Amino acid sequence: MTSAQREACPHCGWPDRAEPFQVVSRHGTAAGHTVWTRCGCGSLQVRVVDACGMRVLSRSGRG
């Protein structure tokens, strides 16, 4: 299973659809936004927000 298919942080269980603990940066793209966030457990996440909705593309281990 890839991180884009998970529904929650594998480290602490925080739901992907919930508000992130911290937004680190947000960048506009032609299709929407790329948002770097940090989970409450410290995991850094790369989220894409576009016409299809929000999805987590990648996440690090606990920070």
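**View A. Strand 3 and strand 4 pair in an antiparallel way over 6 bridges.** Strands here are DSSP runs (E, at least two residues) numbered from the N terminus, and two strands pair if DSSP finds at least two bridges between them. With 2 residues between them, strand 3 and strand 4 form a hairpin. Look for arginine 47, whose bridge partner in strand 4 is valine 56. A note before you go on: this is a predicted model, in which local features need pLDDT of at least 70 and side-chain atom pairs count only at pLDDT 80 or more, while totals for chains, interfaces and linings use all residues. Residues are numbered from 1 along each chain as its sequence is written, and side-chain values use heavy atoms, with hydrogens and water left out.

**View B. Strand 2 and strand 3 run antiparallel.** Here 7 bridges join residues 32-38 of strand 2 to residues 44-50 of strand 3. Tryptophan 36 stands opposite valine 46 of strand 3.

**View D. Arginine 26 lies in strand 1.** Is this residue buried or exposed? Arginine 26 counts as exposed because its relative accessibility is 52%, where exposed means over 50%, buried under 20% and partly exposed in between (relative accessible area, 1.4 Å probe, protein chains only). Leaving aside neighbours within four places in sequence, arginine 26 is in contact (heavy atoms within 4.5 Å) with His33, Thr34 and Val35. Arginine 26 and valine 46 are 20 residues apart in sequence, and their C-alpha atoms are 9.8 Å apart in space.

Terms used:
Helices (H or I, at least four residues) and strands (E, at least two) are DSSP runs, numbered from the N terminus.
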